[in-house]
Amino acid sequence: MNLSSVTISFTVYRSLAGYDAALAACILVLYVSCLCVNLLLVLVVCMTARLHRPMHLLTVNLELSGVMGSSAMCPATLWLLLAPRRESSLAGCLTQVFFTNVYGGCVFCTLALMAFDRYVSICRPLRYNAIMTLGRVKLQLLLLYTGLGSVSGVQVFLASRLRLCRFTVDKLACDSLAVTRMSCEQSVLISVYGLCVAAGIVLLPCVLVVLSYVHIILVVVKTSPESRQKALQTCLPHLISFFNFSVASFFGLIYSRVSHRVPLLANVLTSINFVVLPPLLHPLIYGLKTQEIRQSLGRMLRLWTA
């Protein structure tokens, strides 16, 4: 199958007639805001030597993942909103699926690594510098991207081999389930593979986060009130980010299953929520809640405006 010659039509855009420009303006503002706040936080960490530590390296990776996720969807959605024909090639659709899958897996796995970092910091403080080194974190991130790229690449390859009988998508953007629904027959291999991937890059990281915080709670309850307060301040940004992205992912999963039954407004909001709101909120959470980043950002802004 020539992926570039196969055209996919996005039927949901027909129902947005008259609201195209307004929706495009909203998505553009959110997308540009997402890029600005994420890249600003990355710049602050990179330009501040005392922030070159494992936890902040993971924070930078979280922000860059957000940039990747929003960039996978927003430019394509803007094009479809403003173009005279609401169509995309199958190759473009599968490319979007690839980067969206890597984005989702990368955020969950990064949040699991951040939870482990907090566990070591609170429960094994004397061994923190030996366990959580910059070299090890960089190696973990390299393996993370290599694994996610390979897993998502296999999923996209399997989807590209399907014989399609339908060429319409009832969503704002492509996802793996939308592609498989266009096939002439259900593929057991793709379904089983998708479940295994979901278990590995979503369920397992969530279990690791929960286990890390169970251990943290068991240790913290035995300490002084001042230590408990400090632990809460240390973990709160991560907990908020984890809850925020988990809720967005949950609604995104439900939406992918019943998108053809939900109202148009819910269709639009759920599509945007998964790839725009978490990346927009993560840097705000870490910028406001993490004292070191907040102080470094303040100094940098004072230098720029002096």
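**View 1. A three-stranded open sheet in the order β2-β1-β3.** In this predicted model, three strands form an open sheet whose order is β2-β1-β3 and whose pairing is mixed. The strands β2 (87-89) and β3 (168-169) stand at the edges, and because each has a single partner strand, one side of each is left without a neighbour in the sheet. As background to this view, the strands of a sheet pair through hydrogen bonds of the backbone, in either a parallel or an antiparallel sense.

**View 2. The pairing of β1 with β3.** Strand β1, which covers residues 7-10, pairs with β3 in the parallel sense, and the pairing runs over two bridges. Within this part of the sheet, Ser 9 stands opposite Thr 168, a residue of β3.

**View 3. Helix α3 against the sheet.** Helix α3, made up of residues 90-123, lies across the strands β1 and β2, and the helix runs at about 80° to β2.

**View 4. The largest nonpolar core, with Tyr 13 and Ile 216.** The largest nonpolar core of the model contains 83 residues, and Tyr 13 and Ile 216 are the ones with the most contacts inside it. Helix α3 supplies the largest share of this core, namely 19 residues. When neighbours within four places in sequence are left aside, Tyr 13 is in contact with Thr 77, Leu 80, Leu 81, Arg 86, Lys 171 and Leu 172.

**View 5. The ring pair of Phe 98 and Phe 99.** Six aromatic pairs are found in the structure. In the pair of Phe 98 and Phe 99, the ring centres are 5.1 Å apart and the planes meet at 90°, so the pair is edge-to-face. Phe 98 is partly exposed, with a relative accessible area of 22%, and Phe 99 is likewise partly exposed, with a relative accessible area of 35%.

**View 6. The ring pair of Tyr 103 and Phe 274.** The rings of Tyr 103 and Phe 274 have centres 5.3 Å apart and planes at 70°, which makes this pair edge-to-face. Because Tyr 103 belongs to helix α3 and Phe 274 to helix α9 (residues 264-289), the pair ties together parts that are 171 residues apart in sequence. Tyr 103 is buried, with a relative accessible area of 1%, and Phe 274, at 18% relative accessibility, also counts as buried, since the limit for a buried residue is under 20%.

**View 7. A cluster of aromatic rings.** Tyr 103 and Phe 274 also belong to a cluster in which ring pairs link them with Phe 108 and Phe 245.

Definitions and conventions
Residues numbered from 1 in each chain as written. Predicted model: local features only at pLDDT ≥ 70, side-chain atom pairs only at ≥ 80, totals over all residues. Heavy atoms only, no water. Pairing = 2+ DSSP bridges. Helix = DSSP H or I, 4+ residues; strand = E, 2+ residues; numbered from the N terminus. Contact = heavy atoms within 4.5 Å. Axes fitted to C-alpha atoms, helices over the stretch in contact; angles between N-to-C directions. Core = buried A, V, L, I, M, F, W, Y, C linked by side-chain atoms within 4.5 Å. Buried < 20%, exposed > 50% of the residue type's maximum accessible area, 1.4 Å probe, protein only. Phe/Tyr/Trp six-rings, centres within 6.5 Å; stacked < 30°, edge-to-face > 60°.
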